[in-house]
Amino acid sequence: MLIKKSLKLITILTFVGLIQSCVKDNLADGTDPEEENIVEEGEPDSSPTDITNLMIPENFEFSTSETVNVTINDNTPNAIYTVYAYNSTQYNLEEVDVINDEGEPDTETSFETDELNQVLFTGRPINGMLQHTIMMPSYYSQLYIRRKEGTVFSSEIVAINDGNVTYNFSNTSGKARKAEVSRFKDRITNSRASGKNIEIDTLFAVNGSGQLFSINPLNGSLKELAPMPLGSYTAAIDHANMYLYSIGKNSGNPLMRYDMINDSWTTIANVGMGGPRLEYNENDGLLYFSTQAKVYTIDPTNATVLSSWDINNLDVTGGGDLAFAEDGTLFLSSFGGLYRLDLDNNNVYQATRISSDNLPFNPTSMTFDSNNELWLASNGSSSDLIIMDTVTGGWEYVYGPNSTSGLNFGRTINDLTTYTVSEDIEDPDTDGDGITDSNDEFPEDAEKAFEIFTPSKYGWGTVAFEDLWPFLGDYDFNDTAVNYRFVAIQNAQNEVVQLDIHFEVTSDGAGLTNAFGIEFESIAPNQVASVVGTVLNEGYINVAGNGVEEGQNRAVIILFDNNETMLNRPTEVNVRFTTPLTTAQLGIAPFNPFLIINRDRGREIHLPNRLRTSLGVNTVGTEGVNRDPDGNYQTDSRLPWAINIIHNFKVPKERVPVNRAYNFFNDWATSGGTTFSDWYKDNPGYRNQGDLKN
């Protein structure tokens, strides 16, 4: 009996312990939350690494972002700009052993970069000027500015100086090239009119020996062109400017540009990696480069590598080429056959094999002609040319030793690309807003044209809260964490007509029922026409007919009123405005975000030094030590109750303070944000993965 009683007592104590460990936050227990142990058992509370002992500089507000004023001066009518955050850092850099297009052992460089995903805004200059104030991660020091005029792209990387960027467009060389291309095409048009035999398609070929030559696909005739500065396995053509691009196979892998009008070469800059596959995308003016199971984008004007994607499901990763079909579908060949590449929701290319069996040779190149037929070449000492059907995978020899044509080139073709003589295609303006369809994000809606993204087109930011305000919490910042992406939709005059708020609760570590809202500090409630998509079921939020909260001096939108029901639930809220707003009137996202604690409408938590809404109060009825008597949402030691991470923030586990989960948080905080400003990223050595929630 004594043994049974002891076992029963142990069971009861264990159950009680489990119950207590599951209750994280309680505003009514009458205890001082400062007494919570926020370090591992056995560690003294007075440890210098204890987050409450950090020496935080005065006026530091734990901001991970910076405000940047962007001014673009351009008097050209209908020039369209896309602006990106830019950082040249490359991640996971490694050398990979491969077999090159000549069948020899070689090495290739592989790395990660994501600059092309960091779109901040699109727009056009009005009266010669385009201006926006944007919020971006503070570790960025440059912007990548891309300009499109008709079908011609140009770009520049510009430094951020004291929160300002000014870009003045002046491109006389671009205008001269446009005129030169126009004159060349006019001569071709006149030749056609006079009955001369002008080929519609011309195949251009390169090889590792530095030969550049053209092939007439109708009869296989070959024409020698200007020798390349360096041998290459790649070639791609920019039709708008009549340039052929190629990457040298060694010596830093320089990007080389061939002038198709003047039969001359220019070396631009080193890419820093070589490989077998290259294509030019007429839709964005970028080179698409691929090696092994990777795709990269390269700016042809300066050889800057902008983005990288992984490729899944390639049976063989060596060799081959890239080619865009007329409808924009991207195809890849490797030594394992032909594949179609489709980008999935995780920004990864999924490869679907088209050829039912391995091709009759190892393809080193491919290109589509104007009939959307796919030409491929082998890498033999006298290459074969075949045509392939991208639907059935069927193929046939056309020229080369294995064909019945009797024509041998007597040389290797390491890459192919097609130049098609074609008339300029009209770019319509379907909705009549003055922005042509290719430049209009909403080509069938005259009220919408451009977009501004915070933090970026594909990125997420996070607002994370400690919900025991005004008492000291445990600083795991996982009580309520909300991922966000704001998309401000503008009309053709760069005025904001709608705001789309994409959000998801990624952590609910609280034992409290919390709500989350946004205050627009420069917008009156009656300037909002409608709000659609909020989730309000608790009955204590009063909403006016247009969807904003009642009783507020400024427009306030409560996105949800119960964090528990919103966990891992992607949601979108759409806000329409009564009249178009300037970006200055709208303000800078994420605006003034705040948490409402445990259904107590007056109990708001804001970012440091942000004002409460009209319904917020600075008094609480719970016993304990008030750590925020002045109501600035920072303790006397300047710790916040809310932090805005302009990145997808992985919150710590329960009762693990943020400075233990992230190794450089202390350096960042004590330096006032000047060192390790990217402390929250997944860089080597930055995170302790075992201390983070999944």
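These are my notebook entries on a predicted model of one protein chain, from its overall make-up down to single residues.

**Ground rules.** I number residues from 1 along each chain as its sequence is written, and side-chain values use heavy atoms, with hydrogens and water left out. Since the model is predicted, local features need pLDDT of at least 70 and side-chain atom pairs count only at pLDDT 80 or more, while totals for chains, interfaces and linings use all residues.

**Overall make-up.** I looked up the secondary structure and found five helices and 40 strands in the protein chain; helices (H or I, at least four residues) and strands (E, at least two) are DSSP runs, numbered from the N terminus. Of the 694 residues, 55% count as buried, where buried means under 20% relative accessible area, exposed over 50%, and partly exposed in between, with a 1.4 Å probe and protein chains only. The accessible surface comes to about 29400 Å², and 46% of this belongs to carbon and sulfur atoms; the areas come from the Shrake-Rupley method with a 1.4 Å probe, and for residues only the protein chains shown count as cover. Among contacts (heavy atoms within 4.5 Å) with a separation of 6 or more, 63% are between residues 24 or more positions apart.

**Sheet with S34 and S36.** I traced an open sheet of four strands with antiparallel pairing, in the order S36-S34-S38-S39; two strands pair if DSSP finds at least two bridges between them. Strand S36 (555-560) and strand S39 (604-606) each have a single partner strand and stand at the edges, so one side of each is left without a neighbour in the sheet. Neighbouring strands here are turned by 30 degrees against each other on average, direction ignored; the axes are lines fitted to C-alpha atoms, for helices over the stretch in contact, and angles run from 0 to 180 degrees between N-to-C directions. Strand S34 (residues 515-520) is joined to S36 by five bridges, the two running antiparallel, and I noted that Phe-520 has Ala-555 as its bridge partner in S36.

**Sheet with S11 and S12.** Three bridges pair strand S11 (residues 212-215) with S12 in the antiparallel sense, and Ile-215 finds its bridge partner in Leu-222 of S12.

**Salt bridges.** I find that the structure holds 18 salt bridges, a salt bridge being a side-chain nitrogen of Lys or Arg within 4 Å of a carboxyl oxygen of Asp or Glu. I looked at the one between Glu-224 and Arg-411, with an N to O distance of 2.4 Å. Glu-224 lies in strand S12 and Arg-411 in the loop between strand S28 (395-399) and S29, so the pair ties together parts that are 187 residues apart in sequence. Glu-224 is partly exposed at a relative accessible area of 45%, whereas Arg-411 is buried at 13%.

Glu-447 and Arg-576 also meet through their side chains in a salt bridge, at 3.0 Å from N to O. This pair links distant parts of the chain, with Glu-447 in the loop between S29 and strand S30 (450-454) and Arg-576 in strand S37 (residues 571-581), 129 residues apart. Glu-447 is partly exposed at 44% relative accessibility, and Arg-576 is partly exposed at 26%.

**Nonpolar cores.** I took a nonpolar core as a set of buried Ala, Val, Leu, Ile, Met, Phe, Trp, Tyr and Cys residues joined through side-chain atoms within 4.5 Å. The largest one has 90 residues, of which Phe-665 and Trp-679 touch the most other members. Leaving aside neighbours within four places in sequence, Phe-665 is in contact with residues including Ile-51, Leu-54, Phe-62 and Trp-679. Another core, of 23 residues, lies apart from it and has Tyr-86 and Leu-332 among its members.

**Met-136.** Last, I looked up Met-136, which lies in strand S6 (residues 129-137) and is buried, with a relative accessible area of 0%. Not counting residues up to four places away in sequence, Met-136 touches several residues, among them Ser-65, Ala-85, Leu-120 and Ile-646. The C-alpha atoms of Met-136 and Pro-455 are separated by 6.2 Å, although the two residues are 319 apart along the chain.
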